Amino acid sequence: QVQYYVDISGRRSDEFTVKVADLPRVEKLDYTYNYPAYTGMPPTKEDIAYDMIALKGTVVEVTVTSNQQLKGGQLVFADGKNVPLTASGDKQVMGKATVDRNTTFRIELTNTDNQKYLGLEEYKMQATEDQKPAISFVKPGRDFRALNVEEVFTEAKADDDFGIASLELYYSVNGA
């Protein structure tokens, strides 16, 4: 703590005190993405994370590591919603956020002395939509006139933003 006053030509101001506080800050941010069940995707972990971008409906486990011991905290969203963070280790807090909208958030940490600090860094939450799969024929790759006793090898390819569980081909020969 520092005390000071201003003296100008013999006129002295009141005495003021400046106190310096060692507030908690984010040292590391980790996300574990738990995708909706219909995707069939396993959870994925992102170490040293920043923005939270995932398929709409994904539940993200947020782990914040600080420079000091924490009592708790919260994710403070720009749209007024908050997600509580609870102590999970000496210098860590955890919480779960559902990616259901596009917004930004900041992280507020509370140390064991009940000092709160709302970080200045703003992170983005972005909910993406599931895209339709794309299917294409690799072989024969063009129209092919086959004889009625000839076999035609066909290869199809499917791509999707979250993976393909199976691909089935239905066909007809001469209307049958």
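Strands, extent and pockets of a predicted model

The protein has 16 strands and 0 helices, where strands (E, at least two residues) and helices (H or I, at least four) are DSSP runs numbered from the N terminus. This is a predicted model, in which local features need pLDDT of at least 70, side-chain atom pairs count only at pLDDT 80 or more, and totals for chains, interfaces and linings use all residues. Residues are numbered from 1 along each chain as its sequence is written, and side-chain values use heavy atoms, without hydrogens and water.

User: What makes a residue count as buried, and what percentage of the protein does?
Analyst: Buried means under 20% relative accessible area (1.4 Å probe, protein chains only). Of the 176 residues, 26% count as buried.

User: What share of the contacts with a separation of 6 or more joins residues 24 or more positions apart?
Analyst: With contact meaning heavy atoms within 4.5 Å, the share is 53%.

User: Which strand gives the most to the lining of the second largest pocket?
Analyst: Strand 5 does, with 4 residues. Strand 5 (26-34) and strand 12 (103-111) each supply at least two residues of that lining.

Note on methods:
Buried means under 20% relative accessible area, exposed over 50%, partly exposed in between (1.4 Å probe, protein chains only).
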